[in-house]
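Here are some notes to read beside the model. They go from the overall layout to the helices, then to the cores and the loops.

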Amino acid sequence: MIEWFQELTSFQKTYWIITGISTLLFIIVLISTFVGADTDDIGDVDAEIDADTGAGFQFFTLKNLVAFFTIFGWSGIASIDAGNSKPVTVIISFFCGLVMMFIMAAMFYYISKLTSSGTLKMKNAINAIGEVYLTVGARRSKIGKVQIKVQGALRELEALTDYDEDLKQGNVIKVIEVTNNGILIIEPQK
């Protein structure tokens with residue numbers, strides 16, 4: 001093994017050293033990711049481009065840099081073995097490393113967009129059908145509670161009605177309005 005390494009040119013040795021170290025780091029990062037350790041907390045430099053959701057496009061992260069040098073090294077070795085010149089090898093390996101960084105940054109960006117904040121937007125309750133849980137007083141005389149499905153989750157929310165009769169437990173209702181302070185205005189569903 002030592003004889004093989006000593007026979008390499010300094011250019012080839014540089015690529016093998018970069019490849020060996022970055023591949024080892026890549027394996028460590030991969031294992032720590034599967035185990036659940038967050039390696040981006042160590043030496044993370046983020047360049048963010050704000051999107052509509054506020055999630056940033058993170059290009060310069062530890063994981064991306066490790067992936068860059070891993071692909072840079074392996075593509076450089078493959079280019080050297082293909083008989084390419086030094087400038088062509090450097091260009092090919094640099095391009096392959098950048099492509100890998102863009103792929104990983106895009107992947108993490110789109111994965112982060114899959115999450116939702118979970119914040120309840122009361123306006124999404126308008127036109128929802130639900131059921132009275134605690135009696136709602138007629139003509140807004142008493143706040144009651146209703147169970148309705150909003151944003152994919154069953155919620156128990158406060159409600160008032162302009163209807164002439166109390167809406168009792170079990171009545172099916174429809175949300176027609178939401179007040180500024182988040183109380184639902186409901187009517188019986190017919």
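1. **Terms and basis.** Buried means under 20% relative accessible area, exposed means over 50%, and partly exposed lies in between (1.4 Å probe, protein chains only). Helices (H or I, at least four residues) and strands (E, at least two) are DSSP runs, numbered from the N terminus. This is a predicted model, in which local features need pLDDT of at least 70 and side-chain atom pairs count only at pLDDT 80 or more, while totals for chains, interfaces and linings use all residues. Residues are numbered from 1 along each chain as its sequence is written, and side-chain values use heavy atoms, with hydrogens and water left out.

2. **Layout.** The chain has four helices and five strands. Their order along the sequence is α-α-α-α-β-β-β-β-β. Of the 190 residues, 32% are buried. Contact means heavy atoms within 4.5 Å. Take the contacts between residues at least 6 apart in sequence: 54% of them join residues at least 24 apart. The chain's accessible surface is about 12,100 Å² (Shrake-Rupley method, 1.4 Å probe; for residues, only the protein chains shown count as cover). Carbon and sulfur atoms account for 61% of that surface.

3. **Helix α2.** Which residues of α2 are buried? They are F11, Y15, T19, S22, T23, V29 and S32. These buried residues pack against α3 and α4. The expected span of a helix is 1.5 Å times one less than its number of residues. Just after α2, G36 takes a positive phi of about 115 degrees.

4. **F11 in α2.** F11 belongs to helix α2. Its relative accessibility is 19%, so F11 counts as buried. Leaving out residues up to four places away in sequence, F11 touches I80, K86, T89 and V90. F11 and I80 are 69 residues apart along the chain, yet their C-alpha atoms are separated by 9.3 Å.

5. I17, I21, L24, L25 and I28 make a nonpolar surface patch of about 470 Å². Patches are made of residues with over 30% relative accessible area and no salt bridge; like charges are joined within 9 Å, and nonpolar side chains (Val, Leu, Ile, Met, Phe, Trp, Tyr) within 5 Å. A salt bridge here is a side-chain nitrogen of Lys or Arg within 4 Å of a carboxyl oxygen of Asp or Glu. L25 lies in helix α2. With a relative accessible area of 40%, L25 is partly exposed.

6. **Helix α4 and its partners.** The 28 residues of α4 (residues 86-113) should span 40 Å, and the end C-alpha atoms are 41 Å apart, which agrees. T89, S93, G97, M101, M104, A105 and Y109 are its buried residues. They pack against α2 (10-35) and α3 (62-81). S79 is in helix α3. At 4% relative accessibility, S79 is buried. S79 touches N84, T89 and I92, not counting residues up to four places away in sequence.

7. **Two cores.** A nonpolar core is a set of buried Ala, Val, Leu, Ile, Met, Phe, Trp, Tyr and Cys residues joined through side-chain atoms within 4.5 Å. The largest has 16 residues, of which V136, V146, I148, I173, L184 and I186 touch the most other members. The elements giving two or more residues to this core are β2 (144-150), β3 (153-161), β4 (172-178) and β5 (184-188). A second, separate core has nine residues, including F11, F59, F68 and M101. In soluble globular proteins, nonpolar side chains tend to be buried together.

8. **I186.** Neighbours within four places in sequence aside, I186 is in contact with V136, V146, A159, L160, T161, D162, L167, I173, K174, V175 and I176.

9. **Loops to check.** R140 is not a glycine, but has a positive phi of about 60 degrees. R140 sits in the loop between β1 (129-134) and β2. R140 is partly exposed, at 38% relative accessible area. Q151, also not a glycine, has a positive phi of about 55 degrees. Q151 is in the loop between β2 and β3. At 37% relative accessibility, Q151 is partly exposed.
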